[in-house]
Amino acid sequence: MPHIVSVLVPTPKQSHLPDALSYWAQTDLAAGTLVKVPLGPRVVLGIVWPQPKDTPTTQGVGKRAIELKWIVGVLEDFQPLSTGWLDLVSFSAQYYQRSPGEVALWGLPPQLKNLSSEQIHLRLKRWQKVCDKTQNARSGKPAKAKNNRSAFVVSEPPPLEATQAKPVTLARPFSAEQLSALTLIDANPGPFLLFGSTGSGKTEVYLQAIQTLFEREPNAQALIMVPEINLTPQLEARVRERFAPEWGEQSIVSLHSGLTPAQRLSSWLAAHFGMAKLVLGTRMSIFASIPRLKIIIVDEEHDVSYKQQEGARYSARDLAVYRGRLEGARVILGSATPSLESWHHAQVSPTPGGKPRYQLVAMPARIGNASLPQVHRVDMNHQPRKTIFSSHLLSAIANRLKSREQVLIVLNRRGYAPVLQCNSCGWKTQCNHCSAYKVFHKLDRTLRCHHCGQTERVPKACPLCADQDIGMLGVGTQQLEEQLQEALQALGLELGREIQIERIDADSTRAKGSLQARLERMHAGEVDVLIGTQMIAKGHDFRRVTLVAAIDVDSALFSNDFRACERLFALLMQSAGRAGRDANLGLERPAEMWLQTHHPKHALFEALKAHDYVQFANEQLSERQLANMPPFSAQALIRVEARAGHAALGFLNELHARGSALLQEADPLNRDLAFEDIFLYSAVPMQMQKLANIERYQLLIECASRAHLQRFLRLLHEPLRSLKKKHPGVLRWVIDVDPQSL
Ligand code: ADP
Ligand code: ZN
Ligand code: ZN
């Protein structure tokens with residue numbers, strides 16, 4: 001008998017369409033089933049969605065039913081997406097103000113929609129074959145004959161015999177802190193904030209927590225999230241080394257945007273059908289279908305790349321905590337410099353007298369009691385103008401190179417010089433399309449905008465006054481490399497070898513494999529000095545680095561983004577964390593971190609010198625509390641893009657008026673409550689007002705209560721849609737909930 005089913009299709013929230021559309025189907029279909037349905041002129045992939053209560057059944061649908069279309073096809077034998085997954089999608093859509101269709105279809109691999117059921121079967125069969133081979137090779141059993149379908153339509157795989165999961169023999173004993181962390185994690189439900197110093201052995205704790213779980217529940221699956229997978233090939237290697245011998249190479253899959261569509265599909269299917277026990281991925285993997293997910297690790301949880309910056313602007317870290325609760329999975333957030341949000345959640349209970357949201361697990365000591373580097377500040381006010389490397393720093397570097405130790409230099413600005421300027425009339429290399437300067441790249445003598453990509457040759461003379469006296473302002477990584485090469489030449493002669501300097505930034509690592517090659521050279525000790533942007537400060541376990549220097553860090557101290565200091569502190573502390581990790585080097589001098597700054601007395605540097613994250617975090621939090629800023633309030637931004645600034649501003653000003661009118665009324669969901677606690681700021685240009693000729697404006701909304709803000713945002717969709725019609729000059733609007741930069 002025909003049924004009416006609700007199907008999620010990728011309809012944007014901005015449209016007037018309902019979240020799920022109704023279709024006819026031959027049979028009733030379980031929620032989570034994948035189907036193909038007609039949508040306008042196209043056939044699209046859809047997901048059967050739980051029926052809303054008031055959906056008419058086949059009887060009594062009346063006239064409307066005649067207009068409904070039929071489902072075109074069902075992906076057969078495809079185990080439906082789990083209720084947990086559907087709930088995650090539904091929550092994310094609500095919280096981040098998108099349609100569930102957008103979020104759901106965004107979470108699926110794009111290639112899924114091009115595949116027939118047959119093709120999916122074929123793929124799974126191939127995958128299963130490889131799995132069987134590795135399994136049999138391990139257990140020494142001959143391959144069993146399989147009938148062709150049941151091999152992959154498993155909803156529960158056969159339980160592994162308990163004896164198969166033998167505890168690994170550890171290459172080395174855990175440190176006392178690692179042990180107590182593991183004991184805590186084992187005995188409590190979490191979520192946990194693993195606050196462990198750089199080099200305290202957090203990775204080992206993650207892996208052992210997963211191992212323990214697999215031993216107890218051989219069918220469980222795990223998810224490890226990392227900020228950027230390319231930057232941490234080491235982690236993937238450690239995960240494989242740990243689990244592949246036991247579970248097979250196929251049991252570990254990765255999910256990130258660097259995969260080909262086919263690879264992404266394979267990984268996704270392997271996780272969905274339970275063949276992959278462990279998914280290692282970037283933020284997108286939070287939406288992977290992992291039906292028996294029992295543990296989620298969020299490594300370097302403070303990293304901004306967990307926040308998606310376009311489309312559905314979700315925070316994978318926050319969703320991890322939510323998903324853990326939904327699916328009963330343990331969640332471990334780990335960092336040496338937790339985000340202030342997470343730190344706050346690990347300190348303060350949301351209810352008086354209750355427990356904090358996250359359980360704090362601390363590992364303050366480094367493995368082997370290696371000490372954290374000594375921090376030195378160079379006051380650049382006392383250096384000759386335009387000094388790039390102070391003489392103190394240079395001689396400290398030379399000392400390290402003499403004893404074959406490695407040096408790391410962080411400068412968060414690529415290119416040769418950030419701006420060129422005419423010394424006679426003051427003209428600067430402003431990008432015509434963006435509110436930004438074009439950066440000078442010396443190698444091909446170009447000026448490049450790092451925002452819109454626009455590139456041109458360096459002019460021979462000033463385009464305004466024709467003077468040829470064009471000078472450079474500021475330093476980028478390329479210039480740093482050149483200057484250091486020069487400064488270390490004499491040392492090279494003295495030591496009778498060429499000093500090897502390597503640079504890692506977005507420019508030097510564009511070619512495929514070049515980042516990996518550079519990191520490998522560094523690990524192999526073939527590099528003396530590694531220069532780079534924040535890419536080199538993250539997570540790497542360089543064993544012979546004993547000196548880290550940060551150049552030109554002052555601009556973030558006075559940024560108007562209230563998170564700038566938090567970010568700078570994390571970057572510097574993480575950078576420092578790359579030095580002196582190996583207690584067995586037997587150093588004559590303790591490892592060191594150098595800062596060149598014009599504000600050596602700044603509280604941020606004082607806290608850094610003391611390696612005191614806690615003090616820094618608590619001070620920042622009390623400032624935020626006074627100013628009523630996150631995590632003491634919730635924020636959302638409405639961002640608008642238009643060709644002309646006045647169009648964007650006009651739109652937002654009108655929205656402001658409509659929003660203010662709403663604030664005068666009672667909350668329609670709770671008549672006793674006015675929206676009194678909501679504050680609407682005036683519309684302002686974004687920090688980067690113009691990008692690729694598009695004008696960008698924003699309006700900030702702040703509220704002490706997250707739930708209240710959510711309700712208010714929901715009420716704004718209607719005015720937003722109608723204003724969009726009224727203002728044809730506006731290209732798009734978007735709501736950014738919990739924005740990470742203002
Ligand atoms: P973190 O992620 O906390 O910065 P890692 O997990 O990278 O630290 O560990 C730092 C280094 O210490 C790594 O080289 C790791 O192999 C090593 N290590 C971890 N645990 C132990 C241990 N119990 N004994 C000896 N070395 C360890
Ligand atoms: Zn000029
Ligand atoms: Zn530009």
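Predicted model: local features only at pLDDT ≥ 70, side-chain atom pairs only at ≥ 80, totals over all residues.
Let me start in one particular loop: proline 631 sits between helix H17 (613-627) and strand E24 (634-642), where helices (H or I, at least four residues) and strands (E, at least two) are DSSP runs numbered from the N terminus. The peptide bond that joins proline 630 to proline 631 is cis, with omega at about 5°. Residues are numbered from 1 along each chain as its sequence is written, chains are lettered from A and ligands numbered from 1 in the order in which they are written, and side-chain values use heavy atoms, with hydrogens and water left out.

Asparagine 628 also belongs to the loop between H17 and E24, and its phi is near 60°, a positive value in a residue other than glycine. Its relative accessibility is 39%, and it therefore counts as partly exposed; on this scale buried means under 20% relative accessible area, exposed over 50%, and partly exposed in between, with a 1.4 Å probe and protein chains only. Aspartate 738 has a positive phi too, near 50°, and is likewise a residue other than glycine. Aspartate 738 is placed in the segment after strand E30 (730-737), and with a relative accessible area of 12% it is buried.

A cis bond is also found between glycine 190 and proline 191, with omega near -5°, and proline 191 lies in the loop between H5 and strand E6 (192-196). Helix H5 (residues 176-187) contains alanine 181, which counts as buried because its relative accessibility is 1%. Alanine 181 and valine 361 are 180 residues apart in sequence, yet their C-alpha atoms are 6.0 Å apart in space.

Let me turn to the sheets. Strand E6 takes part in an open sheet of seven strands, ordered E8-E9-E7-E10-E11-E6-E12, with parallel pairing; two strands are said to pair if DSSP finds at least two bridges between them. At the edges of this sheet are E8 and strand E12 (359-363), each of which pairs on one side only. The average twist from one strand to the next is 20°, with axes taken as lines fitted to C-alpha atoms, for helices over the stretch in contact, and angles running from 0 to 180 degrees between N-to-C directions. E8 and strand E9 (residues 278-281) run parallel and are joined by four bridges, and serine 254 stands opposite leucine 280 in E9.

On a 1 Å grid over the protein atoms alone, a pocket is an open set of points with protein on both sides within 12 Å along at least five of seven lines, and lining residues have an atom within 4 Å of a point. Of the 33 residues in the lining, those closest to the centre are Ile229, Asn230, His256, Gly258 and Leu259. The elements that contribute two or more residues to this lining are helix H7 (233-247), strand E8 (252-255), helix H8 (261-272) and helix H14 (514-523).

What coordinates the zinc ion (ligand 2)? Cys422, Cys425, Cys462 and Cys465 do, each through SG, at 2.2 to 2.4 Å, where donors are N, O and S atoms within 2.8 Å of the metal (3.2 Å for Na, K and Ca). Along the chain these donors follow the spacing C-x2-C-x36-C-x2-C. The angles among the four donor atoms are 104 to 114°, and the site is tetrahedral, a label given to four donors if all angles lie between 85 and 135 degrees. Cysteine 422 counts as buried at 1% relative accessibility, whereas cysteine 425, at 37%, counts as partly exposed.

Finally, there is an open sheet of three strands in the order E16-E17-E18, with antiparallel pairing. Strand E16 (439-441) and strand E18 (455-457) are the edges, each with a single partner strand, so one side of each has no neighbour in the sheet. Here the twist averages 30° from one strand to the next. Three bridges join strand E17 (residues 446-448) to E18, and arginine 448 stands opposite threonine 455 in E18.

Note on methods
Tetrahedral: all angles 85-135°; square planar, octahedral: opposite > 155°, others 65-115°. 1 Å grid on protein atoms, 1.4 Å probe; cavity = no way out; pocket = protein on both sides within 12 Å on 5 of 7 lines; lining within 4 Å.
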